[in-house]
Amino acid sequence: MALDNERARVAHLLRRAGFGPSEQELNEYTQLGFDGAVSRLVNYETQPLVPDRVAPEEVGLQVWWLDKMVHTARPLQEKMTLFWHGHLTSALRKVKDPNLLQAQNELFRANALGNYGEILRAISRDGAMIRWLDLQTNRKGAPNENYARELMELFTLGVGNYTEDDVDEVARAFTGWSATPDGQFVFRRMQHDFDQKTILGQTGPFDGDDVSDMLAASPTTARYMARKLFRYFAYPDPEPEVVGRLADVYLASSGSIKSVVEAILRSPEFSSDRAYRALIKSPTELIVGALRTLGADAVPPQAVQAMRLLGQELFNPPNVAGWFGNRSWINAATLLGRFNVLGAVAQQLGGPVMGGQPVTALLDGSTTSAARVQRVLDLLVDGEASQEERDALVAYADQAKGPQQLRGLFRLTMALPAYQLN
Amino acid sequence: MPLHRRDFLKRGVGLVAASMVVPAFIAETARVLDLGPAVAAAQIGAPPADASRRVLVVLLLAGGNDGINTVIPYGDPLYYQARPTLAVPREQVLHLNDMVGLSPALPKLKARFDAGQVAVVQGVGYPNPNRSHFRAMDIWQTAVPERLEQTGWLGRYLQACACGTDKQLEGISMGATVQRSFWTELTLVPAISNLAAFRYGNPRANPDASQYEVEALRRALSQARGRPEEEFLRQATRTALDDADVMEQVAQGYQTSVEYPMSPLGQSLKTIAQVIAGDVGTRVFFATLGGFDTHANQPFQQQRLLTELDGSIEAFMQDMERLNRQNDVMLMTFSEFGRRVHQNASNGTDHGTAEPLFMVGGKVQGGLHGAYPSLSDLDRGDLKYTTDFRSVYSSVLQGWMGVSPEQILGGAYPTLPLVA
């Protein structure tokens, strides 16, 4: 079995709770042991915050964020920021103002493992979200239910766990939740409906914060979030008892996302054979992972076009539900696109983008084809490959020459199913 | 000579056993439905004899096309009252009858209408129309207005029909990203911008290296895997490499005397024509023409777009006639919504509701279908729809694609006679 040694388990952990390690990072985390590695990841504030190396107004929001992911010393913080972006979505094409999306991104980063009730309160005041789900048009006597509906359908309870009346009443509670033209939250008293509302069977003069608290405390939300987080980190179809166990952790901690995520990472299911190579890398995980593992110095500007072609434009999720994930990433065009994007990255090996270290430095002294293949497999896929994969790579290495040999081996190995999986 | 995909696979990639190219999701579909593919196909009804060569081209007019200035109710004085500066003068309208006519930017479409090859479905919409681009687009592409649905109607069609083993190329979404209409968990419809980029490696930079790598990759992926996602990716990768080979042949085998507009839509339709000429078994294509969100200074912008639409469709149909495939194609337009009856203060129109759809093809039942919505009986300033869009989808699925639409659309809708 693949997760039978500490190093492989830690590598698995760093792919899931981060974007895949460089060799040096993997060495460091392995020395901590799996449990110590989890502790360092979830207590990320003990690690330094890497200052921005590029400015969003110069390189665009996407490259700015990708660069953070590549260089962060707090991989789980960025991984959770990505989770929130796909969960509490907003998209630039409607919000228009990149400053608001950047502020939302910082909100997610600051609360990456925060308390869910507080996150819900904060997102209902977020300038990008207010525009994305039309909260600023939600007024007493003329409610806009967009936020209310998605709050329950996608952010907390899940479809089927509330009524149309609940939607109407939650919309009333959020009347007056608005923003200035530059996206600062304002509560417009004149537009707020101060009357009684009945929501999920409870009656009171609720406002938006009351609703956020009520929904965050719901056992239905606990199960919904437990399931969604488990799917993000472990595998797609968690057993009901696993979801129940994690929902209990959520409720006992009053909605601590940190507690739930830590419980997932330390669970036997996370390190089980079923979890190994069970998730398909998102385009973000694929590109950031390759750049981290190969020691890239900078995110190439072509990454923007690549992300679009591979189906994940950051700050522009396809709709309120975020990205489908897993098998939906894959079709003939995106697969060929993945190979070509990774191929272009591999082609930079030995060049300035990769820090200028010679290609041979990655070889660690290996000279024979078989040793070089093993070396690349170790770096990219836990050293685990099938016999025909190995044979094909060795045969390729035998007939390829010079720096192209190693670039080709990296390209081919990154095209293997094992590398496309997390 | 048209190149058939399966023949090509046997000839060109002969070392691949037939069972190897059956994508995983076929088995998946059968497993999920707990049916063999044959049983699934039988359940939705046997397609007409010639249906296997039938192609549907869905063309999205993105942004919300002003249907009222596309299919113009010039016989109604209310039209001229509602649009003092936007209305097209009656003598410029290309009359279809004494009440409605086409925009003067659509002369070629008008000629095809006169030849009986264009169906105009009037007043298409749905209850409680949504005026948000995003939500309305989801509604049209999923065909589910009532709730948030992830899967698209064309994806569900491809999944349900289980038409053959070459499922991956049975739908092609033109452009950078796969349109929502094709989304399902199990179909693998690719998004193709241009055929030259649909391949492994960079042949111009290093043709030999790419070829060596493709061979190595095929060899590395010859054996089945135990882990489900690894096996899924193994098969998807093999299929992608095969598809790239097929598409390379398709591109090499196509030459046309028809001049397509150099516009993105013209080039998309030209690529679609190439694939149809290659006869690789693609059933559904999706192409997009964007820019219809004409809140301000509408006339110039809409005229430019409709002219592009007119020229592109005409070139495509001429190419189909050249290939003698004009009776095998149906091209259908739609937009996420129509626009308001009354013009706004910026010489434009705001988001509206019901809209006209065009169906073009050699076997389309030409003429006007459905009723033009009243310009006086409005819903908050917008047209009330007269034909549910799911009726149009049903008509296409049943009349053209030869499948029973109920399971795909989650209900029965009255059909229109859109196929001759």
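Me: What counts as contact here, and how many residues of chain A are in contact with chain B?
Reply: Contact means heavy atoms within 4.5 Å. On that test, 43 residues of chain A are in contact with 46 residues of chain B. This is a predicted model: local features need pLDDT of at least 70, side-chain atom pairs count only at pLDDT 80 or more, and totals for chains, interfaces and linings use all residues. Residues are numbered from 1 along each chain as its sequence is written, chains are lettered from A and ligands numbered from 1 in the order in which they are written, and side-chain values use heavy atoms, with hydrogens and water left out.

Me: What is the area buried between chain A and chain B?
Reply: About 4,000 Å². Carbon and sulfur atoms give 64% of that. Buried area is the accessible area (1.4 Å probe) that two parts lose on being put together, summed over both. Three residues lead on the side of chain A: A:Phe324, A:Arg327 and A:Leu336 supply 19% of what chain A buries against chain B, more than any other three.

Me: Why is the meeting of B:Arg225 and A:Glu389 called a salt bridge?
Reply: The term needs a side-chain nitrogen of Lys or Arg within 4 Å of a carboxyl oxygen of Asp or Glu. The side chains of B:Arg225 and A:Glu389 meet at 2.7 Å, N to O, so they pass. Between chain A and chain B the count is six salt bridges.

Me: Which helices of chain A supply the side that touches chain B?
Reply: Helices H6, H10, H17, H18, H20, H21 and H22 each supply at least two residues. H20(A) has the largest share, with seven residues. Helices (H or I, at least four residues) and strands (E, at least two) are DSSP runs, numbered from the N terminus. A:Glu389 has its place in helix H20 of chain A.

Me: Is A:Glu389 buried or exposed, and how do you know?
Reply: Buried means under 20% relative accessible area, exposed over 50%, and partly exposed in between (1.4 Å probe, protein chains only). A:Glu389 has 2% relative accessibility, so it counts as buried. Beyond four places in sequence, A:Glu389 is in contact with A:Leu416, A:Pro417, B:Ala220, B:Leu221 and B:Arg225.

Me: Why is helix H11 of chain A described as largely enclosed?
Reply: Seven of its 10 residues are buried, so the rest of the structure largely encloses it. Among the buried ones are A:Asp166, A:Glu169 and A:Arg172. The cover includes H10, strand E1, strand E3 and helix H12 of chain A.

Me: What makes a set of residues a nonpolar core?
Reply: The members are buried Ala, Val, Leu, Ile, Met, Phe, Trp, Tyr and Cys residues joined through side-chain atoms within 4.5 Å. The largest core here has 204 residues. Within it, A:Met80, A:Phe410 and B:Phe316 touch the most other members. Leaving aside neighbours within four places in sequence, A:Met80 is in contact with residues including A:Leu113, A:Phe233 and A:Ile257. A second, separate core has 41 residues, B:Met359 and B:Leu418 among them.

Me: Where does A:Arg277 lie, and why is it called buried?
Reply: A:Arg277 lies in the loop between helix H15 and helix H16 of chain A. Its relative accessible area is 6%, so it counts as buried. A:Arg277 also has a positive phi of about 50 degrees, although it is not a glycine.
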